Amino acid sequence: MPAQYPFCAVVGSDDMTLALTLVAIDPLIGGVLVRGEKGTAKTTTVRALTQVLPPVRVFEGDRFSVDPDDPAAMSPDGPFEPRARVVERRVRLVELPIGASDDRVTGSLHLDAALRDSVVAFEPGLLARAHRGLLYVDEVNLLHDHLVDLLLDAAATGRVSVERDGISVEHASRFVLIGTMNPEEGELRPQLLDRFGLTVEVAAPRDPASRVEAVRRRLAFDADPETFTAAWAPAQAQLRARLAEAQRSVAAVALDTETLTAIAEICAAFDVEGLRADLVTARTAAAHAAWQGRDQVTRADIRVAARLALPHRRRRNPFDEPGLDEERLDQLLGRDDPGPEDDGPGDGPGGTPHDDRAEQAPAGGASESLPRSGAEPGRQAPPANAASETVTPAGQPVRARLLVVHGTGKGQSGRRSQARTPQGRVAGVKRDRSTTGRLHLPATISAAAPHQVSRGGRTTGRGLVLSAIDLRRAETVGRESNLVLLCVDASGSMAARRRMEQVKAAVLALLLDAYRRRDKVALVTFRQQTADVTLPPTGSVDVAARRLAQLPAGGRTPLAEGLEQSAGVLRREALRDPSRRALLVVVTDGRATAGPDALGRAHRHARHLAVSGAQSVVVDCETGRFRLGLAAELAAHLRAEYVPLGEVTADGLTGVVRAATAREAVA
């Protein structure tokens with residue numbers, strides 16, 4: 001087995017290592033979600049955790065890993081004799097691919113046994129392997145909805161039930177769920193987010209000395225893994241022993257009424273949803289006390305627990321940044337006995353403390369991955385004193401009407417347009433010898449029935465004799481996610497007529513709808529003389545909302561350039577992801593004032609988009625009594641659906657539009 005990077009040797013991820021340590025002490029905390037930028041050792045740290053976890057006892061040959069010391073534990077491979085051999089093995093880290101099928105996750109019919117021996121046997125899935133271990137999902141925010149539903153069921157009940165293909169199996173599946181994600185690629189579904197007990201934000205250390213140490217250790221490991229691992233073996237053993245002691249003593253940690261009251265006051269003050277936050281915070285505080293060798297929970301333990309358990313549970317708007325006001329937390333907790341708050345998981349060789357937090361994060365505890373202004377790293381906010389530009393805040397977004405791509409696609413599972421997907425309504429069957437996909441049992445039996453005499457099934461009494469050529473799999477129709485490309489007019493006419501507030505509100509409503517339907521989004525804006533790709537295609541509608549909030553308005557209207565830039569984005573994305581269909585949403589009043597023959601060029605680009613097969617919607621943001629109707633004319637050239645601005649939302653944005661129109665009339 002190849003050497004793994006030691007858990008104690010990770011630099012610059014103290015919050016992450018602490019959170020992983022606490023859920024290892026008490027798995028009922030519910031798992032860890034790690035949010036952070038690329039290249040911050042998220043996956044390395046998770047994989048290294050199994051090296052310091054105490055081993056588990058299992059029956060030899062038991063594929064479901066039930067606890068031999070639990071008389072109530074039942075395994076589908078059992079029952080086991082009282083003298084059955086029991087072995088110890090390392091805790092498993094089971095990785096769940098984001099593209100896995102339902103059968104791979106929950107288990108399915110063992111096809112080899114069915115075809116070779118005519119035996120109905122169950123092949124356990126990943127949830128069975130993860131029982132009493134760790135289930136790791138990298139890029140968990142990209143996990144398909146049908147897999148999210150399976151995880152939610154298993155996390156809620158601790159069991160998996162499989163009823164399909166003539167199989168009826170139920171088994172235990174209790175695991176520590178660990179997910180990592182890059183927030184720029186999209187947010188996590190709220191129901192799954194709530195199932196993570198703790199969440200941490202990680203970023204690369206800003207201190208040069210810490211970065212040098214991290215690189216030095218990694219280079220040493222890559223050059224000679226065995227020597228590097230041996231040098232860290234004493235620290236790993238010490239950590240393993242300390243972790244085992246904390247697991248034994250956590251049940252004895254006292255949670256008195258005063259402690260529970262303090263936790264309840266904090267959760268209420270931060271307006272978190274439900275009571276799961278109180279329970280997780282209490283368990284985390286007790287685990288931290290056990291980790292520190294105490295049998296009483298202190299306010300320092302509560303502070304650590306609240307900082308890890310509450311940020312993702314605060315009630316917030318969909319586009320708000322997660323986080324916790326640590327100054328307010330300190331005020332709620334009051335003064336407490338001094339002591340170490342976030343003891344790292346171990347020491348390095350020679351007793352060097354493994355603690356880089358003070359160098360990694362600012363004193364206020366906020367992550368440096370985003371500036372306080374809310375702008376993304378590397379993107380400068382527009383100048384506030386630009387004479388010809390104004391930045392208008394958006395109105396309050398509401399629920400948008402459903403805009404779909406017509407026809408039947410074959411993209412990733414989502415909630416917008418009709419498509420052939422792994423889950424959904426059965427629309428047909430197909431011949432398929434692969435071992436993945438949903439088996440259509442009636443069609444398979446019908447295909448095998450005419451061959452039973454020639455195969456000797458009736459004469460030998462073997463029952464139904466199947467062959468690989470008999471397999472039929474279901475073709476299902478569901479919903480897919482799409483690329484929603486927003487092409488937004490940010491010219492002077494939008495600012496002069498005071499339309500930008502309602503336009504931004506409408507675009508935010510569309511972004512909120514894309515967030516709920518798991519779409520990718522992109523943003524093209526045009527103003528003055530050019531059009532810019534303000535946001536390339538991404539799964540993060542949060543980033544799109546922040547870019548939109550910073551969008552200035554002013555100058556001429558280069559509509560042709562906006563359509564040309566949009567066509568380029570659609571063309572590049574079609575090459576990158578051919579299965580994902582796109583929907584172009586053009587938000588404009590239809591005017592074109594930049595360059596010679598501006599309106600004619602815009603209409604020619606519109607016709608080219610229509611000929612290319614692009615499906616489009618034109619949102620007409622023209623308001624007032626006297627209208628030119630240019631947006632409707634543009635929609636005709638695009639062969640697009642025409643939607644007045646007041647009809648963008650399902651609940652109607654008409655009230656906002658009427659109020660803005662009334663203000664214009666008074667002005």
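Is Trp 232 buried or exposed in this structure? Trp 232 is buried, at 5% relative accessibility, where buried stands for under 20% relative accessible area, exposed for over 50% and partly exposed for anything in between, worked out with a 1.4 Å probe on protein chains only. Before going on, note that this is a predicted model, so local features need a pLDDT of at least 70 and side-chain atom pairs count only at pLDDT 80 or more, while totals for chains, interfaces and linings use all residues. Residues are numbered from 1 along each chain as its sequence is written, and side-chain values use heavy atoms, with hydrogens and water left out.

Let's stay with the aromatic rings. The structure holds 6 aromatic pairs. To pair, rings of Phe, Tyr and Trp (its six-membered ring) need centres within 6.5 Å; planes under 30 degrees apart are called stacked, those over 60 edge-to-face, and the rest tilted. Take Phe 64 and Phe 122: with ring centres 6.4 Å apart and planes at 10 degrees, this pair is stacked. Phe 64 sits in the loop between β2 (56–59) and β3 (86–89) and Phe 122 in strand β6 (residues 122–124), so their pairing ties together parts that are 58 residues apart in sequence. (Helices, H or I with at least four residues, and strands, E with at least two, are DSSP runs numbered from the N terminus.) Phe 64 is buried at 2% relative accessibility, and Phe 122 is buried at 9%.

Back to Trp 232, which has a partner in Phe 228: their rings are 6.2 Å apart centre to centre with 45 degrees between the planes, a tilted pair. Both residues belong to helix α9 (residues 225–249), where 4 residues, or about one turn of the helix, separate them. Phe 228 is buried too, with 10% relative accessibility.

A charge counts as sitting over a ring if NZ of Lys or CZ of Arg is within 6 Å of the ring centre and within 35 degrees of the ring normal. Arg 242 places its charged end over the ring of Trp 291, 3.7 Å from the centre. Arg 328 does likewise over the ring of Phe 270, at 5.3 Å from the centre.

Now for the salt bridges, meaning a side-chain nitrogen of Lys or Arg within 4 Å of a carboxyl oxygen of Asp or Glu. The structure holds 25 of these salt bridges. In helix α8 (residues 208–223), Glu 213 and Arg 216 are 3 residues apart, which means about one helical turn between them. Their side chains form a salt bridge with an N to O distance of 2.3 Å. Glu 213 also has a salt bridge to Arg 217, where the closest N and O atoms are 2.7 Å apart. Here the spacing is 4 residues in helix α8, again about one helical turn. How do the three side chains sit? Glu 213 is partly exposed at 23% relative accessibility, and Arg 216 is partly exposed at 47%, whereas Arg 217 is buried at 9%.

A salt bridge can also reach between helices. Asp 330 and Arg 303 form one, with their closest N and O atoms 2.6 Å apart. This pair links distant parts of the chain, with Asp 330 in helix α13 (residues 326–333) and Arg 303 in helix α12 (residues 299–309), 27 residues apart. Asp 330 is partly exposed at 36%, while Arg 303 is buried at 14%. Elsewhere, Asp 194, Arg 276 and Arg 313 are joined in a network of salt bridges.

Finally, have a look at the backbone. Most residues other than glycine have a negative phi, and most peptide bonds are trans. Gly 78 and Pro 79, however, are joined by a cis peptide bond, with omega about 0 degrees. Pro 79 is found in the loop between β2 and β3. Ala 41, in the loop between β1 (32–36) and α2 (42–48), has a positive phi near 65 degrees. Ala 41 is partly exposed, at 33% relative accessibility. Gln 528 has a positive phi as well, about 60 degrees, although it is not a glycine. Gln 528 lies in the loop between β16 (520–527) and β17 (530–538) and is partly exposed at 29% relative accessibility.
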